[in-house]
Amino acid sequence: MPELPEVETYRRYFEATCLFQPLADIQVEDTKLLTTDYDVLVAALRGRQFVATQRVGKNLFAETDGGFFVHFHFGMTGDLAYYQYDQEQPRFARIIFYFQNGYRLAFICPRKFERIGLVDDVKAYLLKKRIAADALAITPEELGQTLARKKALIKPVLLDQSVVAGIGNWIVDEVLFQARIHPERLASSLKNPEVQALHESIQKVLLTAIQYEANYALFPQNFIIHAREWALSPYPDHGQHLLCPRCQQKLQITRVGGRTTYFCPVDQPEVPADFR
């Protein structure tokens, strides 16, 4: 599923390819992918240009020279592909933007969970959808104030997009590991130093993922994402990726808030030393 790092990569790709090119037409294979009526979408976009982009969490907003935005939500498997008219159309290109210069942008929707629509005001849209501050923009103070009000487990709290936008399942596990916080701690129990460590870990994990364009095999060896085996292990020793990179204990796999969860039971104690 495209998470914040993937969508940030898409945003940069969109800016590098699609800005300041007048649109000639839009082709939509399945109008169920639209959150705006097809005729309204086409009439609004023909002859317009994209002039800037904005990302909040997993949401991409492409601003037009008409002052409104096209909202992209990438669902579980969405992607973008910019190509010339004489090149083969990408597979699962359900929505295609035709630029007047002959280039095209395909919105690739393999499972049809993706969505596109027009948005007049980004702030109003985020408020209506209860999408909080972006995970890379939230301050330690904002994060601490929000967590202090949440008498629930820290992992599902961080997954709640109305708390902080853009943090998905593996990212939460990595953030909590880097901050040495057990996934079943109560959010409201975190002390100020722990909130600060959590905020720093959010920045570290997301910026690392963006740097490597979410290529998991390139992530540092001190990340526990390697235990998920989505890519080849960076360790020379077989099975090393299943151990905590700090204490060498076997990582534990459980379910928290209904989600598969990886953590180190030694390095992320359920009851911190200060509480014993």
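This is a predicted model: local features need pLDDT of at least 70, side-chain atom pairs count only at pLDDT 80 or more; totals for chains, interfaces and linings use all residues.
Trainee: Which residues of α2 are buried?
Mentor: In α2, residues 38–45, the buried ones are L41, V42 and L45. Buried means under 20% relative accessible area, exposed means over 50%, and partly exposed lies in between (1.4 Å probe, protein chains only). Helices (H or I, at least four residues) and strands (E, at least two) are DSSP runs, numbered from the N terminus.

Trainee: Why do they line one face of the helix?
Mentor: Seen down the axis of α2, the buried residues fall within an arc of 90°, so they line one face. The arc is that of the directions from the helix axis to the C-beta atoms. On the other side, D39 and A43 are exposed.

Trainee: And what covers the buried residues of α2?
Mentor: The cover includes β1 (23–28), β3 (59–64), β4 (69–73), β6 (93–99) and β8 (115–119).

Trainee: What follows α2?
Mentor: G47 follows α2, and its phi is positive, near 85°.

Trainee: Now the sheet: what is the strand order?
Mentor: It is an open sheet of four strands in the order β2-β3-β4-β8, with antiparallel pairing. Two strands pair if DSSP finds at least two bridges between them. β2 (50–56) and β8 stand at the edges with a single partner strand each, so one side of each has no neighbour in the sheet.

Trainee: How many bridges join β3 to β4?
Mentor: Five bridges join these antiparallel strands. As one example, F61 has H71 in β4 as its bridge partner.

Trainee: Which strands of the sheet does α2 touch?
Mentor: α2 packs on the sheet and touches β3, β4 and β8, where contact means heavy atoms within 4.5 Å.

Trainee: Changing topic, where does K112 lie?
Mentor: K112 lies in the loop between β7 (103–108) and β8. K112 has a positive phi of about 60° although it is not a glycine, and at 33% relative accessibility it counts as partly exposed.

Trainee: And where is R180?
Mentor: R180 lies in the loop between α6 (169–178) and α7 (192–211). R180 is not a glycine, yet has a positive phi of about 60°. With a relative accessible area of 45%, R180 is partly exposed.

Methods:
Residues are numbered from 1 along each chain as its sequence is written. Side-chain values use heavy atoms; hydrogens and water are left out. Axes are lines fitted to C-alpha atoms, for helices over the stretch in contact, and angles run from 0 to 180 degrees between N-to-C directions.
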